[in-house]
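Hi,

Here is the structure I said I would pass along.

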Amino acid sequence: MGSTADCSEEKAIESVMAGRYIEMEQEGEKQPTNSRISSLLWHGGSAYDAWFSCASNQVAQVLLTLPYSFSQLGMLSGVLFQLFYGLMGSWTAYLISILYVEYRTRKEREKVDFRNHVIQWFEVLDGLLGKHWRNVGLAFNCTFLLFGSVIQLIACASNIYYINDKLDKRTWTYIFGACCATTVFIPSFRNYRIWSFLGLLMTTYTAWYLAVAALLHGQVEGVKHSGPKKMVLYFTGATNILYTFGGHAVTVEIMHAMWKPQKFKAIYLLATGYVLTLTLPSAASVYWAFGDELLERSNALALLPRTRYRDAAVVLMLIHQFITFGFACTPLYFVWEKAIGLHDCRSLCKRAAARLPVVIPIWFLAIIFPFFGPINSAVGALLVSFTVYIIPAAAHMLTFRSAHARENAVEPPPRYFGGWIGLYTINAFIVGWVVVVGFGFGGWASLTNFIHQIDTFGLFTKCYQCPRPPLPLLNSTPSLAPSSNHNSTQFIFSPAPSPAYFAAPHGH
C-alpha cells in the first residue's frame with residue numbers, strides 16, 4: 001500500500017511539474033527587464049494574448065464571404081452550421097491542446113529544453129504516434145497554411161479594388177505580396193501581441209459595419225431568398241463555414257507562445273463565442289438585405305454603396321489580412337528554418353532572409369487562382385477537413401487507445417464529457433461526419449464550383465469578377481474587332497458567357 005501511494009504521489013507531482021512548463025515560466029518572469037513599451041507591444045505570452053490570437057486568426061477575410069454562404073444555404077441552415085461547426089472546431093482545438101500537453105510532458109520528463117525551439121503539430125504527432133503520422137500531419141498542415149496565406153493575398157487584392165480600381169486585381173496582388181513578405185521579420189507568435197489586439201478590433205468594426213449598413217440599406221427591390229437551390233451550392237456554402245471555424249492549424253504554435261500553456265484548454269471556445277457575435281449578425285443582415293444577389297458576389301463589400309465607412313472597413317480588413325497572412329505563414333517559416341538548420345539562430349536578419357523563399361510560391365499561387373470565395377470552400381473540404389478535424393480526433397483516439405495510456409494520461413477527460421467513452425463517441429462522430437459531409441459532399445461541391453471558375457475566367461485571370469467595361473456603340477454591321485476586358489480578349493461578335501451562365505455558385 002505504501003509503495004502504491006508513493007507511486008501515485010510521484011505521478012501527481014510529475015504531472016503537475018510537467019504541466020507548469022517551468023522553463024517557459026522562467027522566461028516569462030524575465031519580461032519586466034524589457035522596456036515597458038516593448039513588453040506592451042511586442043512580448044505577449046498571457047492567456048489574454050492567446051485569446052486575442054485565436055479570435056483574430058479565426059475570422060478575417062472569410063467574414064466577407066459568409067453572407068455568400070448564407071445565400072447558398074438559406075438563413076436557417078447558415079445559422080445552424082455556424083453554431084455546429086463553431087462547437088466542433090472548439091472541440092478539436094481542445095483535443096490538440098490535450099495532445100500538446102501529453103507530448104510536452106513526456107519530453108520534459110526526458111529533460112528536453114524547448115526554450116530555443118517552437119513545438120509544432122507534426123512534432124506532436126511524431127512524438128505520440130510515430131513518423132507516418134508526422135508525415136501526414138506535416139503534409140496537410142503545411143499545404144493548408146500555404147493556401148491559407150494565398151487566400152489572404154487574394155482577399156487583399158479583392159478588397160482594395162473597391163476603393164481603387166485604377167489597377168486590376170492581379171497588379172494589387174503583386175503589391176500586397178511584397179507588403180506581406182515583411183512578416184518574415186516577426187520572430188514568433190509571442191510577438192503578435194499588439195497585432196492580434198488591433199486585428200480583432202478591425203474585424204469587429206467590419207462585422208458591425210456590414211450588419212448596420214445592410215439594415216440601413218434595407219432590402220433591395222424584388223429581393224429573393226431562394227436558398228438552398230442546388231445541392232452543389234448547399235455543400236459549397238457549408239464547407240466555407242467548415243473552413244471558417246477551422247483556423248486552429250496554428251493552435252500548437254499559439255500554445256507554445258504562452259507562458260503557461262496549460263491554461264489554453266478553454267481559450268479557443270471563448271474565442272469562438274466572441275467570433276459568433278461577429279459572424280452571425282453580419283452574415284444574416286447582409287443576406288436579408290440582398291438575398292440571391294449574393295450568389296453573384298462572394299465579397300459582401302461589393303454590394304454595399306461606397307461611403308467613408310465602407311472605405312474604412314476595406315482599409316481595416318487589408319491591415320487585418322496582413323496580420324492573418326503572418327499568422328498563417330509563421331508556422332511555415334518555422335518548418336523551413338528547421339529544414340535548413342536555422343531555427344535556433346539568434347540573428348533575426350539571417351532568419352528573415354532565410355524565410356523569404358517561403359513567400360514566393362504563395363505569391364505565385366495567388367496569381368494563378370484569384371478566385372476569392374470558391375478557393376475557401378475548396379481548401380476547407382480538401383485540407384481543413386483533415387488538418388483540424390479528422391487528424392486531431394483520430395490521433396487522440398489512437399494515442400489513448402491502450403488502458404495504460406488512459407491510466408497515465410496527463411489530462412484525463414472531465415466527467416461531464418462522459419469520461420473516456422463519451423470522448424471516444426464524440427471523436428468518432430466528428431471523424432465520420434467530416435469524412436462524409438465535409439470531405440465527401442463538400443469536396444465534390446467545392447471542386448465542381450472551383451473547376452467552373454477556371455472554365456469561366458481561366459487561370460491567371462487579370463481581374464476576377466471585375467465589372468465589364470461598357471461596350472462601344474456599334475454600327476448595324478457586326479464588327480469582329482477585339483474588345484478588351486479584364487479577364488480575356490473577346491470578339492464583340494461572339495461575347496463570352498457571363499459567370500451566371502454557369503450557375504450562381506461561382507459568383508465570387
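**Helix 4 and its neighbours**

Helix 4 passes helix 10 in a left-handed crossing. One thing to keep in mind as you read on: this is a predicted model. The two helices, helix 4 and helix 10 (residues 193-217), pack with their axes 8 Å apart and at an angle of about 50°.

Who touches whom here? On the helix 4 side you'll find Asp 49, Trp 51, Phe 52, Ser 53, Ala 55 and Ser 56, and they meet Arg 193, Ser 196, Phe 197, Gly 199 and Leu 200 of helix 10. By type, the residues of this contact between helix 4 and helix 10 split into five nonpolar, four polar and two charged.

Ser 56 deserves a click of its own. It sits in helix 4 (residues 47-58). Is Ser 56 buried or exposed? Its relative accessibility is 1%, and buried means under 20%, so Ser 56 counts as buried. Setting aside neighbours within four places in sequence, Ser 56 is in contact with Ser 196, Gly 199 and Leu 200, and also with His 320, Thr 324 and Phe 327.

**Helix 8 and helix 15**

Next, have a look at helix 8 (residues 131-160) and helix 15 (residues 348-368), whose axes come within 9 Å and cross at roughly 55°. This pair is therefore oblique too, and the crossing of helix 8 and helix 15 is right-handed. From helix 8, the residues Leu 146, Phe 147, Ser 149, Val 150, Leu 153 and Ile 154 meet Ile 362, Trp 363, Leu 365 and Ala 366 of helix 15. In this contact of helix 8 with helix 15, nine residues are nonpolar, one is polar and none is charged.

Helix 8 also holds Arg 134. With a relative accessible area of 27%, Arg 134 is partly exposed. Apart from neighbours within four places in sequence, Arg 134 is in contact with Phe 122, Leu 125 and Asp 126. Glu 123 is eleven residues away from Arg 134 in sequence, and their C-alpha atoms are 6.5 Å apart.

What about helix 5 (residues 66-73)? It is mostly covered, with eight of its eight residues buried. Those are Leu 66, Pro 67, Tyr 68, Ser 69, Phe 70, Ser 71, Gln 72 and Leu 73. Gly 74 follows helix 5 and has a positive phi, near 90°.

The largest nonpolar core has 139 residues, and those touching the most other members are Val 124, Leu 210, Phe 264, Ile 375 and Val 379. If you pick out Phe 264, you'll see that it touches Ala 50, Cys 54, Ala 93, Ser 97, Thr 251, Ile 254, Met 255 and Met 258, not counting residues up to four places away in sequence.

**The whole chain**

Zooming out, the protein chain has 18 helices and two strands. It runs to 508 residues, of which 56% count as buried. Looking at contacts between residues at least 6 apart in sequence, 85% join residues at least 24 apart.

Cheers

How values were computed: Residues numbered from 1 in each chain as written. Predicted model: local features only at pLDDT ≥ 70, side-chain atom pairs only at ≥ 80, totals over all residues. Heavy atoms only, no water. Axes fitted to C-alpha atoms, helices over the stretch in contact; angles between N-to-C directions. Helix = DSSP H or I, 4+ residues; strand = E, 2+ residues; numbered from the N terminus. Parallel < 35°, antiparallel > 145°, perpendicular 65-115°, else oblique. Left-handed = near helix turned anticlockwise from the far one by under 90°. Contact = heavy atoms within 4.5 Å. Nonpolar A, V, L, I, M, F, W, Y, C, P; charged D, E, K, R; others polar. Buried < 20%, exposed > 50% of the residue type's maximum accessible area, 1.4 Å probe, protein only. Core = buried A, V, L, I, M, F, W, Y, C linked by side-chain atoms within 4.5 Å.
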